[in-house]
Amino acid sequence: MGFSLMRNQKFMPTIKHLLIISIAINAGLLLKLLHHEHEWAGLPGPDINGKNAVRPVKDVLHKAKPATDQYINLNHGDPTMYEVYWMQMGDKTTLVLSGWQSISYFSDTKNHCWFLEPGIANAVTRLHNLVGNAQTRNYHIVVGTGSTQLFQAALYALSPSNAPESMSIVSAAPFYSSYPLIIDCLKSGLYKWKGDASKFNKDDPYIELVTSPNNPDGSIRQAVVNGSGGILVHDLAYYWPQYTPISFQANHDIMLFTVSKCTGHAGIRIGWALVKDKEVAKRMTKFIEISSIGVSKDSQLRAAKILDVIADTYEHTEKFDKATPFFHYVYNEMAKRWRQLRSAVSKGQTFSLPDFPVEKCNFSGQRFGTQPAFAWLKCEKSIDDCEGFLKKHKILTRSGTHFGSSENYVRISLISHKEEYDEFIRRLSLLSSMSSPHE
C-alpha cells in the first residue's frame with residue numbers, strides 16, 4: 001500500500017533532497033580524482049572498501065622508523081628489503097590473469113611433473129644459465145610450494161618404504177633450525193632426524209643435508225660424513241651472486257632453490273628442485289601430488305614473470321631505461337649492510353662475526369667475500385645467553401641452540417626494511433661501545 005501511494009504522488013524536490021544529491025555527486029567526483037591520482041602513482045584506485053589494494057609507494061620506500069622503545073624482530077628471514085627494487089621497477093612484473101586461466105589441475109601431462117607450468121621451467125633454466133650457478137641440462141625440474149615442500153619430497157623419494165629401520169637424516173651444525181622441526185613433525189617411519197652430521201658415525205644408510213652458503217653462519221659447505229651408504233641433498237637457496245661469489249656451476253644430484261631468497265618474493269611460495277635421476281623426480285612429484293595435488297599455477301606464472309624480468313635486466317637492458325640490473329642492485333645493498341654491521345661490531349669487544357674468504361665471482365667478475373642474508377653473531381665477554389641479552393634491548397633474534405650450537409650465538413636477519421635495519425645498527429653500535437655489557 002505504501003508503495004502504491006508513493007507511485008501515485010508527484011515527487012517535489014526540496015532543498016534537503018538537492019543537498020543530498022549534491023553531496024553524492026561531489027563524493028563520486030572525489031573518488032574518481034583519487035582513482036586517477038593512484039593511477040598516476042602506478043597504483044590501483046581504491047577498492048570497494050575505500051582501501052588501497054596495494055600499499056602506496058611512500059609507505060614502502062619510507063617505512064616509519066621504529067621507536068626506540070619498540071621491538072625489532074630480526075628472528076625471521078622476511079626479505080622485505082627487496083620491496084624497494086621491485087617498486088622502482090613499476091609495472092614491469094605486472095601479470096594479468098583471466099578468469100578462465102588456471103582452471104585445470106594439469107599443466108603438462110607429458111612431463112613427469114605434470115603440474116609444472118612450462119613458463120616457470122623455461123624461466124628457471126634461463127636464469128641458471130645466465131648466472132652460471134647450477135647446471136640444468138639433463139636435469140628434471142620439480143616445482144614445489146617453497147623449498148620446504150621440496151625438501152620433504154626429497155626425503156620421501158630417497159627413503160625406502162620397506163627398509164627395516166628409518167633412514168637417518170643429518171646435517172652439519174650449525175644447521176638450518178627448521179630441519180629437525182620439519183623432519184620430526186609427522187613422526188614418519190620412513191626417516192628420522194639424527195642431528196649433527198659431524199657426529200654421525202654409523203654404517204647405516206643416511207641422507208646428509210648440505211646447505212651452501214649455510215643458514216645460519218654463511219659458510220660454504222661440502223658433505224661431512226664419509227659413509228658409503230650416504231645420499232646428499234644440496235640446499236642452494238642462497239647460492240646467488242648477491243650473497244656469495246659464483247665460483248662454480250653446481251651439478252649435484254638434487255639441488256633445491258627458492259624464489260623467496262633469490263628474488264625476495266617469499267609470499268609467492270614457489271621453489272624448484274633440479275634432479276638428475278628421473279625416478280627420484282617422479283617420486284618427489286608423487287609426494288607433492290599426495291600432499292597438495294600440485295602447486296598453484298598462478299604463483300608459478302607470477303614467479304616465471306619475475307625471473308624473466310631479472311634475466312631481461314641483463315639481456316635486454318634497452319627495456320629498462322638505465323635501471324640497475326637486479327643482482328647488481330641487491331649485491332650493493334647487501335655489501336652496504338655488511339659494512340654497517342662490521343663497523344658496529346668493531347666499536348668494542350662485545351660481539352664478533354665470522355670472516356669469509358674472498359673469491360672471484362664468475363658472474364659479476366668482482367672479488368668479494370660471502371655476504372649472507374643472516375649474520376651469525378657471537379656474544380663475547382660474560383654474556384652467556386646472547387638471545388636474552390639482545391632481547392633486553394628490544395632486538396629479537398634466534399638463539400644458536402635452535403641450530404645445534406650454543407646460546408652464545410644468535411642468527412640475525414639482515415634483509416628486513418631499511419628503517420628497521422638502520423635502527424638495529426644504531427642499537428648494536430651502542431651495545432658494542434659499552435665498557436661492560438651489563439651497563
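F368 counts as buried, with a relative accessibility of 6% (buried is under 20% relative accessible area, exposed is over 50% and partly exposed is in between, with a 1.4 Å probe and protein chains only). The model is a predicted one, where local features need pLDDT of at least 70 and side-chain atom pairs count only at pLDDT 80 or more, while totals for chains, interfaces and linings use all residues. Residues are numbered from 1 along each chain as its sequence is written, and side-chain values use heavy atoms, with hydrogens and water left out.

Now to the rings. A search of the whole structure turns up 28 aromatic pairs (rings of Phe, Tyr and Trp, the last by its six-membered ring, pair if their centres lie within 6.5 Å; planes under 30 degrees apart are stacked, over 60 edge-to-face and the rest tilted). One of them joins Y331 and F368 edge-to-face, at 4.9 Å centre to centre and 65° between the planes. This pair links distant parts of the chain, with Y331 in helix α11 (residues 326-345) and F368 in strand β11 (residues 367-369), 37 residues apart (helices, H or I of at least four residues, and strands, E of at least two, are DSSP runs numbered from the N terminus). Y331 is buried too, at 12% relative accessibility. Elsewhere, ring pairs tie Y82, Y85, W86, W240, F257, W272, Y314, F326, F327, Y329 and F363 into a cluster.

Helix α11 also packs against helix α13 (residues 418-432): their axes come within 8 Å and cross at roughly 20° (axes are lines fitted to C-alpha atoms, for helices over the stretch in contact, and angles run from 0 to 180 degrees between N-to-C directions). The two helices are therefore roughly parallel (angles under 35 degrees; over 145 is roughly antiparallel, 65 to 115 roughly perpendicular and the rest oblique). Among the residues that meet are R337 and W338 from α11, and Y421 and F424 from α13 (contact means heavy atoms within 4.5 Å). R337 lies over the face of Y421, at 4.8 Å from the ring centre (NZ of Lys or CZ of Arg must be within 6 Å of the ring centre and within 35 degrees of the ring normal).

Most residues other than glycine have a negative phi, and most peptide bonds are trans. A cis peptide bond joins A173 and P174, with omega about 0°, and P174 sits in the loop between β3 (167-171) and α7 (178-185). S102, not a glycine, has a positive phi of about 60° and is partly exposed, with a relative accessible area of 29%.
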